[in-house]
Amino acid sequence: VDKALAANMAKDAIERAIKKSTGELEGVNYEELRYEGYAPGGVAVIVDCLTENKVRTVSDVRHAFAKFGGNLGTDGSVAFMFRKCGVLSFPAGSNEETITDAAIEAGADDVQVYPEDGAIDVITSPEQFEDVKNAMLKAGLTPEDAEVTMRADNDIKISGETAEMVIKMLDMLEDLDDVQNVYYNAELDQ
């Protein structure tokens, strides 16, 4: 809901999406599906979908992988490379010491500072996410982005033509109606 509001999505559309995902729309039965595979350059990709038509969805996802030189894999083929966690992102120039102190006190698992630009990520377990987020807000620290997501344990650096193919594939996957989230382990050199 926070992501939708941040993207200026209409409240009616948000309510319809919630009803769609909880099965409250009559005559429609939605299923959560996860597809895993590899993009060019050995990039691991996880695609989470919500659909009422499994055949159409797998066809669309398979087409996106095949069109750009990727391969759809079996369940578990790349999931082991990712972990589910909460991430609160603070922009470059944020006070590292204040954020670190507040995060530790709130029960966060880790604080990552990116030396390239000074941006900061506070990492939590999915179960602690809301508590840590609320504690950070209470401390006057508003994250730029906050979500429970899948994070890769190790990123693969790719560039050039391979990076272009991966970006096109990821864009095509994200544009599919049934796709909810796309996770990948590429460090794209854009």
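Tutor: With one definition. Helices (H or I, at least four residues) and strands (E, at least two) are DSSP runs, numbered from the N terminus. Keep in mind that this is a predicted model.

Student: How many helices and strands does the protein have?

Tutor: The C-alpha atoms fill a box of roughly 50 × 45 × 30 Å along the principal axes. The protein's secondary structure comes to six helices and ten strands.

Student: Which element gives the most to the largest nonpolar core?

Tutor: The largest nonpolar core has 21 residues, and Val45, Val47, Val61 and Leu173 have the most contacts inside it. β1 (31–39), β2 (43–51), α3 (54–67), α6 (160–175) and β9 each supply at least two residues of this core. The top contributor, with five residues, is α6.

Student: Which residues does Val61 touch, leaving out those up to four places away in sequence?

Tutor: Val61 is among the core residues with the most contacts inside the core. Leaving out residues up to four places away in sequence, Val61 touches Tyr35, Val47, Cys49, Leu72, Leu173 and Leu176.

Student: Is Ala64 buried or exposed?

Tutor: Ala64 sits in helix α3. Beyond four places in sequence, Ala64 touches Met169, Met172 and Leu173. Its C-alpha lies 9.1 Å from that of Lys168, 104 residues apart along the chain. The relative accessible area of Ala64 is 0%, under the 20% cut-off, so Ala64 is buried.

Student: What separates the C-alpha atoms of Leu188 and Leu33?

Tutor: Leu188 belongs to strand β10. Leaving aside neighbours within four places in sequence, its contacts are Ile158, Ala163, Val166 and Ile167. Leu33 is 155 residues apart from Leu188 along the chain, and their C-alpha separation is 26 Å.

Student: Why do the buried residues of α5 line one face of the helix?

Tutor: The buried residues of α5 are Phe129, Val132, Lys133 and Met136. They line one face because, seen down the axis of α5, they fall within an arc of 100 degrees.

Student: What covers the buried residues of α5?

Tutor: Both helices and strands take part. The cover includes α1 (2–6), β4, α4 (96–106), β6 (120–124) and β7.

Student: Which residues are exposed on the other side of α4?

Tutor: Start with the buried residues of α4: Ile99, Ala102, Ala103 and Ala106. Seen down the axis of α4, they fall within an arc of 100 degrees, so they line one face. Their cover includes β4, β5 (110–113), β6 and α5. Exposed on the other side of α4 are Glu97, Ile104 and Glu105.

Student: What is the relative accessible area of Thr124?

Tutor: Thr124 lies in strand β6. Not counting residues up to four places away in sequence, Thr124 touches Cys85, Gly86, Leu88, Ala108, Asp109, Phe129 and Val132. Thr124 is buried, and its relative accessible area is 1%.

Student: Which residues lie nearest the centre of the second largest pocket?

Tutor: The second largest pocket has a volume of about 960 Å³. Its lining has 30 residues. By class, twelve are nonpolar, six polar and twelve charged. Nearest the centre lie Tyr114, Asp121, Arg151, Asp155 and Ala186.

Student: Which element gives the most to the lining of the second largest pocket?

Tutor: Four strands each supply at least two lining residues: β4 (82–90), β7 (145–152), β9 (179–184) and β10 (186–188). With seven residues, the one that gives the most is β7.

Key:
Residues numbered from 1 in each chain as written. Predicted model: local features only at pLDDT ≥ 70, side-chain atom pairs only at ≥ 80, totals over all residues. Heavy atoms only, no water. 1 Å grid on protein atoms, 1.4 Å probe; cavity = no way out; pocket = protein on both sides within 12 Å on 5 of 7 lines; lining within 4 Å. Points joined across faces, edges and corners; volume = space filled by probe spheres on them. Nonpolar A, V, L, I, M, F, W, Y, C, P; charged D, E, K, R; others polar. Buried < 20%, exposed > 50% of the residue type's maximum accessible area, 1.4 Å probe, protein only. Arc of directions from axis to C-beta. Contact = heavy atoms within 4.5 Å. Core = buried A, V, L, I, M, F, W, Y, C linked by side-chain atoms within 4.5 Å.
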